[in-house]
Amino acid sequence: MKPIISGEAREILARLTHDRERTNILKNLEQKALVYLVQRIPRWIKSDGLTLIGFFGSLTVLVSFILASFVNKYWLFLGIPGFILNWFGDSLDGRLAYYRQTPRKWYGFSLDLIVDWLSTILVGFGYLVYTEGRWELVGYGFVVMYGWAMLLAIIRYKVTDKYIIDSGIMGPTEGRIIIIAIMIAEIFINGAMLYATLAAAALLFVFNILDTIKLLSVADKKDKALKNHEMTGKGQQQ
């Protein structure tokens, strides 16, 4: 296959990312990877197939937690390819459709959110299986915080017509990397996962509060603009 030239790469990148705004710290590296990978996916693999691969990755993470709990904690290493598969499928399913110019905007949006939430439940459940006692509440809290972040993304899309899945410099990719690092740390430092997950949930709580305040401010300004527009329209009619 011929190498990607800069102009072609820019055109592909614009096609893949036109419907969303990214602010995560790994944005440039991730987008280059998407441009590279989307051209090399076999034609027989469809977007729904990639979604299934991503969901299988989440199942793999769940299995790694279960085996680490009942067999040996070194099974947490299995979570690494699990999260890689999840990133691969979740990041490329919609991008593949846009690259091949066969997008189903609302079908893809709906399916993506549903599968993302189910994947979050699987990973959270795996954490609950691995932990014991009151520490289970930390996993529950993390799932709640992540669900809050997803809800903010949906509401923001409705209010601003921009689909933003990142919270500042943090996005789903950075989240996966952090969780992988936490799982590796747990293998060598017993209890590391508990405190790290608590810190991650607390940090996500802060991000959600800030994003909620920002979103409510934008929604309030939009309401005022709509009201002014309605008043102006009534004045012109009179």
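Predicted model: local features only at pLDDT ≥ 70, side-chain atom pairs only at ≥ 80, totals over all residues.

1. Residues are numbered from 1 along each chain as its sequence is written, and side-chain values use heavy atoms, with hydrogens and water left out.

2. The structure holds seven aromatic pairs, where rings of Phe, Tyr and Trp (its six-membered ring) pair if their centres lie within 6.5 Å, and planes under 30 degrees apart count as stacked, over 60 as edge-to-face and the rest as tilted. Phe-65 and Tyr-130 form a tilted pair, because their ring centres are 6.2 Å apart and their planes stand at 55°. This pair links distant parts of the chain, with Phe-65 in helix α3 (residues 47–70) and Tyr-130 in helix α5 (residues 105–130), 65 residues apart; helices here are DSSP runs (H or I, at least four residues), numbered from the N terminus.

3. Phe-65 is buried at a relative accessible area of 3%, and Tyr-130 also counts as buried, at 15%, given that buried means under 20% relative accessible area, exposed over 50% and partly exposed in between (1.4 Å probe, protein chains only).

4. The rings of Phe-77 and Phe-188 are edge-to-face, since their centres lie 6.3 Å apart and their planes are at 70°. Phe-77 belongs to the loop between α3 and α4 (79–99) and Phe-188 to helix α7 (residues 172–188), so the pair ties together parts that are 111 residues apart in sequence. Phe-77 is partly exposed at 34% relative accessibility, whereas Phe-188 is exposed at 59%; together with Tyr-74, Phe-77 and Phe-188 form one aromatic cluster.

5. The charged end of Arg-40 sits over the ring of Tyr-36, 3.8 Å from its centre, and Arg-104 lies over the face of Tyr-107, 4.0 Å from the ring centre. The criterion is NZ of Lys or CZ of Arg within 6 Å of the ring centre and within 35 degrees of the ring normal.

6. The second largest pocket is lined by 15 residues, of which Arg-156, Ile-164, Asp-166, Asp-211 and Lys-214 lie nearest its centre. A pocket is an open set of points on a 1 Å grid over the protein atoms alone where a 1.4 Å probe fits, with protein on both sides within 12 Å along at least five of seven lines, and lining residues have an atom within 4 Å of a point. The largest share of this lining, six residues, comes from α8.

Conventions: Helix = DSSP H or I, 4+ residues; strand = E, 2+ residues; numbered from the N terminus.
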